[in-house]
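Trainee: I'm new to this one and would like a close look at a single part. Could you walk me through it slowly?

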Amino acid sequence: MTLPGFPKGMQYKMLSLDTDNGASSMTVLFEPGYKQPPGMSYTEYELFIMSGSITIGEKVWGPGSYVFVPAGVALEALSSPRGATGLIFYNYGEPSFVESDSDHPQAERNRYAAVNAYDNLHWTTFMYCMTPNFWQDNISYHDCCEEAYHIWGTSWMMQFGDLPTGGYFWRPPYINHGAFASKLGILAIGRTDTQLYNHFHFNPWTNIEENQERAASRMLHRNPEMYKWINTHGHNHPIDFEFDHGHAHGDRPHHHGDGMVEHKHKKKRRRR
Amino acid sequence: MKFIENKRSREAEAWLKKEIVEQKRRYRKIVAEQEALTPKRDKWIADFLQRIQTRGVHTHYDQMRKVRPEEIPVKPKRKFKVVF
C-alpha cells in the first residue's frame, strides 16, 4: 500500500494509528529506485532505517540511521537506489507530503536531526537491547505511553506473552508490564511521549487507576508542584505547554482523563 | 512547532477513514488474542508469585529480595484486563 500524496515505490504496513488525529507508526519499504523530490510534512516525523540505505541530498544513510524532521522542514530529495526498510513515526497528524524545496514559514529547522542511532540517541526515541537469557522478575508501569518495535529477537512479558522479530506494541500509561524475559536477546527501538520513569512493584492485579494513584503519591515526595497538577485529573506526565493537547480554562491548560477537549465546567456557586 | 494546521485533501480524508477502520479492527484482534491467552497468563502469574518468594523480586538492577508470604497480593474479584 502507498501513502496518499507520496511518490509510488514506498510501501507501508501500519503498526498503529491514533484514530483522533491520524498520527501513526508504520514499517516502510523503499523499493529499489525509489525517488522522492524535496518536500515537507505538516507533522513532525521520525525515520529509522533497519536495512538497506537511503540517500538524502548527497548523504547516504544506512542501517541504524535516525532522522528527526520537524513539521514544515523541507527534506532534501530522498532516494533509495538499492532499496531499504525502515520505520516511520508521524507524531501529531496523518502522514503528509508536500513537494517543496523551501521550509514552511512555521518550520523550526534548528530541531532537525540526523544521526546514527546505534551510536547514541538522546531523545524519547531510543534503542534498547536484552542479552540472551535475560530475565527480570518485577512489574513496571510508566507515566507515559510507550511503543516499541523488535528489529531482531524475541522477548516475553508476563501479561502479553511472546513478541517475535518484527513484533510491535503501543501501550498507554499506567499499564502493568513484566516480569520480562528474553531467550535469544533482542535489539529494539522504543519511544515514549515524555520522560520515562519506572514504577516497579510485584502486584499483577493492580489496575490503571491504582497505578496512577501510586505514581502520584510517589511524585508528591519528589515534586509537590507536579502533584498539584496531577490532581487536576488526567495524566501524570508533564504537559507540553508548547503543544498542549488540552485546552485552557482556569489557570492552566488541561484535559481530563477521558481525553475530552470540548467540555465546559459548571460555575461554582460561591458560599455566602 | 510539531504540527502545522492545514486542510486535509479529499484523498487524505479517505485514506484516514479507511485506516481508522483498520485500526479498530486491529485493536479488536489484539483484545481477542490477549483474551485467549488468559489460561497461560494465569499460570505465568502464579509462577511469578512463587518465584518472587523463593528466588526474589528485582528491586534495583541485579539486586533482589525475597517477598514474604504475607506480602503476596490477593487477586481482586473484579475482571482482570491487560488491554485497555
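What distance separates the centres of domain 1 of chain A and domain 2 of chain A, taken over C-alpha atoms? And what does the contact between them look like?

Mentor: Happy to, but keep in mind that this is a predicted model. The centres of domain 1 of chain A and domain 2 of chain A are 26 Å apart, taken over C-alpha atoms. Along chain A, domain 1 covers 10–116 and domain 2 covers 124–248. Where they meet, domain 1 of chain A puts in eight residues, and domain 2 of chain A puts in eight residues as well. Let's stay on the domain 1 side. Three strands of chain A each give at least two residues to the side that touches domain 2: E1 (10–17), E5 (45–52) and E10 (84–90). Of these, E5(A) has the largest share of that side, with three residues.

Chain A has 24 strands and two helices, and 33% of its 272 residues are buried. Take the contacts in chain A between residues at least 6 apart in sequence: 71% of them join residues at least 24 apart.

Chain B runs α-α-β-β along its sequence, and 12% of its 84 residues are buried. The radius of gyration of chain B is 22 Å, while a compact globule of 84 residues would have one near 12 Å.

Definitions and conventions: Residues are numbered from 1 along each chain as its sequence is written. Chains are lettered from A and ligands numbered from 1 in the order in which they are written. This is a predicted model: local features need pLDDT of at least 70, side-chain atom pairs count only at pLDDT 80 or more; totals for chains, interfaces and linings use all residues. Domain bounds come from an automatic or database domain assignment. Two residues are in contact if their C-beta atoms, placed from the backbone, lie within 7 Å. Helices (H or I, at least four residues) and strands (E, at least two) are DSSP runs, numbered from the N terminus. A residue is buried if 20 or more other C-beta atoms lie within 10 Å of its own, exposed if 12 or fewer, and partly exposed in between; C-beta atoms are placed from the backbone. The radius of gyration is taken over C-alpha atoms; the globule rule is 2.2 Å times the number of residues to the power 0.38.
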